[in-house]
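These are my notebook entries on a single chain. I set down what I looked up, entry by entry.

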Amino acid sequence: MGTLTVSCGLAAVIHAAEVSADQVAGRWISEGGTSLTFHEDHAFTAEDFDELAVSSGCENPSALSSGRWAFPTEGSPLITPDETVTRGTVLSLTFSAGECEVTAYLFGDEDDPVLCPTDDADVGCPMDDYLRPTPDHGSRLVKPPAVG
């Protein structure tokens, strides 16, 4: 597990968190109200993503509402999304609208990760842009009973 220096108003040292795809699946929300819901099939939906600083690098930030997510290929020098990779410390978010791709870094530890969508892991995110799993995050794998 590597260490990255991240600016959060005050300089802090935060460790990259390696998590599984199962831990990513579910709803993540920021203090500013942005949410990302990651599905097991690697689709995701976003609410108010245009409120995050990183969205300013996208062509039409207000249209960023859904896309695909993946961990990068292991050992790749570039962030190359690969939906077959099952664990990682970085997510690639490819939005359906505007051909926008955002890198999101996982920090903290495996049991208490935070997600930071940013262009530069060394700079980090503004405090309101960090996303955390919601309290009902663990219920994401419970499927409703079959009707019939």
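Is R132 buried, partly exposed or exposed? I looked up its relative accessible area, which is 42%, so R132 is partly exposed. I note at the outset that the model is predicted.

**Entry: D112 and R132**

I then looked for the partner of R132 and found a salt bridge with D112, in which the closest N and O atoms are 3.5 Å apart. This pair links distant parts of the chain, with D112 in strand β12 and R132 in strand β13 (residues 131-133), 20 residues apart. D112 has 45% relative accessibility and therefore counts as partly exposed.

**Entry: the other salt bridges**

How many salt bridges does the structure hold? I find four.

I took the pair of E83 and R68 next: their side chains meet in a salt bridge at 2.8 Å, N to O. Distant parts of the chain are linked here as well, since E83 lies in the loop between β8 (81-82) and β9 (87-88) and R68 in strand β7, 15 residues apart. I checked the accessibility of both residues. E83, at 36%, counts as partly exposed, and R68 is partly exposed with a relative accessible area of 35%.

I went on to E110 and R87, whose side chains meet in a salt bridge at 3.5 Å, N to O. E110 sits in the loop between β11 (101-109) and β12 (112-117), while R87 is in strand β9, and the two are 23 residues apart. I recorded E110 as partly exposed at 40% relative accessible area and R87 as partly exposed at 30%.

Which residues are linked with R87 in a network of salt bridges? I find E18 and E110 joined with R87 in that network.

I turned to strand β5 (residues 35-38) and asked which way its side chains point. S35 and T37 point one way, L36 and F38 point the other way, and all of them are buried.

I then looked up the pairing of β5. Strand β4 (residues 26-30) runs antiparallel to β5 and is joined to it by four bridges. Within this pairing, I29 stands opposite S35. On its other pairing, β5 is joined by four bridges to strand β6 (residues 43-47), again antiparallel.

I examined both connections. The hairpin of β4 and β5 has four residues between the strands, and G33 takes a positive phi near 100°. The hairpin of β5 and β6 also has four residues between its strands, and H42 in the turn has a positive phi of about 75°.

**Entry: a charged patch**

Which residues form a negative surface patch? I list E47, D48, D50 and E51. I followed up E51, which lies in the loop between β6 and β7 (66-72). Why does E51 count as exposed? Its relative accessibility is 53%, and exposed means over 50%.

**Entry: summary for my own use**

I keep two points for reference. Strand β5 is joined to β4 and to β6, with its residues S35, L36, T37 and F38 buried.

Notes
Residues numbered from 1 in each chain as written. Predicted model: local features only at pLDDT ≥ 70, side-chain atom pairs only at ≥ 80, totals over all residues. Heavy atoms only, no water. Buried < 20%, exposed > 50% of the residue type's maximum accessible area, 1.4 Å probe, protein only. Pairing = 2+ DSSP bridges. Patch = residues over 30% accessible without salt bridge, like charges linked within 9 Å, V, L, I, M, F, W, Y side chains within 5 Å. Areas by Shrake-Rupley, 256 points an atom, 1.4 Å probe, with all protein chains shown as cover. Lys, Arg positive; Asp, Glu negative; His and termini not counted. Charge placed at Lys NZ, Arg CZ, Asp CG, Glu CD.
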